[in-house]
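Please open the structure in your viewer and keep the sequence panel beside it. We will go from stop to stop, selecting a few residues each time and looking at what is there.

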Amino acid sequence: MLKHDYMQVSQDQPIYSDAPLQLLLFIDGRPKSKQQVQRIRAYLKELQAEYNFELQIIDVGQQPYLAEHFKLVATPALIKIHPEPRQVLAGSNIISQLKSWWPRWQAAVETYLKLQEDLQERVEDNGRTSQPKSTIRSVAVSAELIRLSDEIFHLKQEKEKLLEQLQFKDRVIGMLAHDLRNPLTAAAIAIETLQSNYNLETGEFQRLKPALIAHLLKQARSQTKTIDRMIADLLQVGRGHDTEFPITPQKTHLGQLCLDILEELRDRYITKSQKIETDIPQDLPYVYADPERIRQVLINLLDNAIKYTPECGTISIAGLHRTTQKVQFSIGDTGPGIPVENRDRIFENHYRLERDEGTEGYGIGLCLCQRIVRAHYGQIWVDSNPYGGAWFHFTLPVYPS
């Protein structure tokens, strides 16, 4: 009789067997194979009552590495692992196959036992004999090696992923250090100018007119906001695509929001003598959007347009009531543009960092822009400007009447 219904072969609990005939029966948990397994086990029990052999029942769901070790393609399967050579019986007619092979297996066992007797007669006079090798134990070791190999493969994958993340982090830090230099320098100059001309005793600024003082304060505040926005964008993008991106949509005047941001960026495009063209219809409907999030989108797109448009170039801003449920907003420039083959990738995390000396790609904010627009169930894309450069478009839902 079988002592155990399910005897797991593992390296943690090795099973040493001296039985000359050793069989493994692989089964699975499928309901349709249940009756077939029951018939096979009943037949094996009848055979075991007449002939002593070792039988292990192995559930492939619990021991997948043993199934891998024997390269099984189907279950149930009956495997003779000892004596060699190994033999596999599988398919829907295992019992009929076993009836055919059983006499030959018994003959193989008799041959094996006779060989063992001959070897026993040749042992040394001290009577020491070597421990018989356990076939089941060797199978367990092989299965454990397969499992460890699988784990090593997964660890290598994790290592590659971590190395990729570290490289991504290094590129982000390098780019952030580069991009932060300009606003930091501008803010520092403004603050130092104010500080060097401030008289502590009188509490007044020397050699600075009120208009210049106001300009320097505005410059310092504007550059500080720029630095804060860049860091916030970096943190948002660094959270990845799988995290939830919360928004608080409300009735928002998209055109006015864009004009407010243009005023904040005024010094930047005036310094480069850039021309701003706007085509925002007065009857452009309100959108249902999170104003702070959409502000991030507009700042990023306008900041890139100013950055990549050459001096005396043109930046275009347009609004369009596309359908009863959608508003489209577009920002164009006359910069180098985006090659057609790269337009599908320009919003990807890694692609946006692969810039050649800061002249290719559209900065760290594009991935964030895409996430924000998608959180509003909108779309964002880029195409060519007929006059050179790029047009960035995004859609947002119309605020319901």
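**The whole chain**

Of the 401 residues in the protein, buried ones make up 43%. Keep in mind from the start that this is a predicted model, in which the average pLDDT of the protein is 80 and 79% of the residues score at least 70. The protein exposes about 24000 Å², of which carbon and sulfur atoms supply 51%. Among the contacts with a separation of 6 or more, 75% are between residues 24 or more positions apart.

**A stretch to treat with care**

Select residues 1–16 next, where pLDDT stays under 50 and the model has 36 contacts beyond four places in sequence. Where pLDDT is low, the predicted coordinates should not be read in detail.

**Two cis bonds in one loop**

Now move to the loop between β3 (77–82) and β4 (87–90), where you will find Pro83. The peptide bond that leads from His82 to Pro83 is cis, with omega near 0°. Pro85 is also placed in the loop between β3 and β4, and a cis peptide bond, with omega about 5°, joins Glu84 to Pro85.

**A nonpolar patch**

Select Tyr198, Leu200 and Phe205 together, and you have a nonpolar patch on the surface with about 320 Å² of accessible area in total. Tyr198 belongs to strand β5, residues 198–199, and counts as partly exposed at 36% relative accessibility.

**Salt bridges between helices**

How many salt bridges does a search of the whole structure find? The search finds four, and three of them can be visited here, beginning with the one between Glu264 and Arg295, whose closest N and O atoms are 2.5 Å apart. This pair links distant parts of the chain, since Glu264 is in helix α6 (residues 254–264) and Arg295, 31 residues apart from it, is in helix α8 (residues 291–308). Glu264 is partly exposed, with a relative accessible area of 33%.

Select Asp303 and Arg268 next, which form a salt bridge with the closest N and O atoms 2.1 Å apart. Because Asp303 lies in helix α8 and Arg268 in helix α7, the pair ties together parts that are 35 residues apart in sequence. Is Asp303 buried or exposed? With a relative accessible area of 15%, Asp303 is buried, while Arg268, at 30%, is partly exposed.

The next salt bridge joins Lys275 and Glu277, with the closest N and O atoms 3.4 Å apart. Lys275 is partly exposed at 48% relative accessibility, and Glu277 is partly exposed with a relative accessible area of 37%.

**Two residues with positive phi**

Go to the loop between α7 (266–271) and β8 (275–279) and select Ser273, a residue other than glycine whose phi has a positive value, near 55°. Then select Tyr377, in the loop between α9 (365–375) and β12 (380–384), where phi is near 60°, again a positive value in a residue other than glycine. Ser273 is partly exposed, with a relative accessible area of 44%, and Tyr377 is exposed, with 78%.

**A buried serine**

For the last stop, select Ser330 in strand β11, residues 326–332. Ser330 counts as buried because its relative accessible area is 5%, which is under the 20% cut-off. Leaving aside residues up to four places away in sequence, Ser330 touches Ser316, Ile317, Ala318, Trp391, Phe392 and His393. Show the side chains of Ser330 and His393, and you can trace the polar contact of 2.5 Å that joins them.

Conventions: Residues are numbered from 1 along each chain as its sequence is written. Side-chain values use heavy atoms; hydrogens and water are left out. Helices (H or I, at least four residues) and strands (E, at least two) are DSSP runs, numbered from the N terminus. Buried means under 20% relative accessible area, exposed over 50%, partly exposed in between (1.4 Å probe, protein chains only). pLDDT is the predictor's confidence in each residue, from 0 to 100. Contact means heavy atoms within 4.5 Å. A polar contact is a pair of N or O atoms within 3.5 Å; within protein, one must be able to donate a hydrogen and the other to accept it, and residues adjacent in sequence count only if both atoms are side-chain atoms. Patches are made of residues with over 30% relative accessible area and no salt bridge: like charges are joined within 9 Å, nonpolar side chains (Val, Leu, Ile, Met, Phe, Trp, Tyr) within 5 Å. Accessible areas come from the Shrake-Rupley method with a 1.4 Å probe; for residues, only the protein chains shown count as cover. A salt bridge is a side-chain nitrogen of Lys or Arg within 4 Å of a carboxyl oxygen of Asp or Glu.
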